[in-house]
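Here is a short report on one protein model. Keep the structure open while reading.

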Amino acid sequence: MEFKELLDLHERLESRINAYWTYWSVAIFAIAGWLFSGKQTLILDQKIGIALGAAVFFFANLGVLLPCTRLAASVRDEIRLQAQNIPFTSKKLSLAFAEDGFKFRYTLTLLLHVAVDIIVLWHIFAHKSSPEPTDNKIITFFLFQ
């Protein structure tokens, strides 16, 4: 693969990674904003449902974010190796291509994602509770309408 093609591929992968982080960030801020608004109380069943929905989203997001990050790191390593054979005029550009900036990116991505995910899930369950209903009017309403 030519050097320019590697650079283009790397840029496309970075754009995809940024999109995955954006989706995740929007979800985190939406959940946090909703919970911190304090205008609602949740019963245990609601907390479980919200937590399960959030957890499914978190795992799905990690399921695409991690492989894409690994691929981007691999492409960046190939760029680094091929750049060694290109006689750049700029010493700064040569040094920039020689850097291995992705060394801990995969691990940091995983740790950051999981740490924030756990905090959000914990906060869902720590959120103020309303008394459990003595009857199932809500369930009855949805089932028999």
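## Histidine 10 in helix 1

Histidine 10 sits in helix 1, which spans residues 3–36. The model is predicted. Histidine 10 has a relative accessible area of 14%, so it counts as buried. The cut-off for buried is under 20%.

What does histidine 10 touch, leaving out residues up to four places away in sequence? Its contacts are Ala72, Val75, Arg76, Ile79 and Phe102.

## Overall make-up

The protein has 5 helices and 0 strands. Along the sequence the pattern reads α-α-α-α-α. Buried residues account for 30% of the 145 residues.

The protein exposes about 9900 Å². Carbon and sulfur atoms supply 67% of that area. Take the contacts between residues at least 6 apart in sequence: 86% of them join residues at least 24 apart.

## Helix 2 against helix 3

Two packed helices are described by the angle between their axes and the distance between the axes. Helix 2 and helix 3 (residues 91–98) pack at about 140°, and their axes lie 8 Å apart. Helix 2 is therefore oblique to helix 3.

## The loop between helix 2 and helix 3

Glutamine 84 lies in the loop between helix 2 and helix 3. Is glutamine 84 buried or exposed? Its relative accessible area is 55%, so glutamine 84 is exposed. Glutamine 84 and serine 94 are 10 residues apart along the chain. Their C-alpha atoms are separated by 7.7 Å.

## Salt bridges

The structure holds 3 salt bridges. One joins lysine 4 to aspartate 8, with the closest N and O atoms 2.9 Å apart. These two residues are 4 residues apart in helix 1, so about one helical turn separates them. Lysine 4 is exposed at 56% relative accessible area, whereas aspartate 8 is partly exposed at 33%.

Arginine 105 forms another salt bridge, with glutamate 14; the closest N and O atoms are 2.7 Å apart. This pair links distant parts of the chain: arginine 105 belongs to helix 4 (residues 105–126), glutamate 14 to helix 1, and they are 91 residues apart. Arginine 105 is partly exposed, with a relative accessible area of 22%. Glutamate 14 is buried, with a value of 14%.

Arginine 80 and aspartate 77 also meet in a salt bridge, at 2.6 Å from N to O. Both are in helix 2, 3 residues apart, so the separation is about one helical turn. Arginine 80 counts as buried at 19% relative accessibility. Aspartate 77 is partly exposed, with a relative accessible area of 28%.

## A nonpolar surface patch

Leu44, Ile48, Leu52 and Phe125 form a nonpolar patch on the surface. Together they have about 360 Å² of accessible area. Which helix gives the most to the patch? Helix 2 (residues 44–83) does, with 3 residues.

Leucine 52 is located in helix 2. With 54% relative accessibility, leucine 52 counts as exposed, because the cut-off for exposed is over 50%.

Note on methods. Residues are numbered from 1 along each chain as its sequence is written. This is a predicted model: local features need pLDDT of at least 70, side-chain atom pairs count only at pLDDT 80 or more; totals for chains, interfaces and linings use all residues. Side-chain values use heavy atoms; hydrogens and water are left out. Patches are made of residues with over 30% relative accessible area and no salt bridge: like charges are joined within 9 Å, nonpolar side chains (Val, Leu, Ile, Met, Phe, Trp, Tyr) within 5 Å. Accessible areas come from the Shrake-Rupley method with a 1.4 Å probe; for residues, only the protein chains shown count as cover. A salt bridge is a side-chain nitrogen of Lys or Arg within 4 Å of a carboxyl oxygen of Asp or Glu. Buried means under 20% relative accessible area, exposed over 50%, partly exposed in between (1.4 Å probe, protein chains only). Axes are lines fitted to C-alpha atoms, for helices over the stretch in contact, and angles run from 0 to 180 degrees between N-to-C directions. Angles under 35 degrees count as roughly parallel, over 145 as roughly antiparallel, 65 to 115 as roughly perpendicular and the rest as oblique. Contact means heavy atoms within 4.5 Å.
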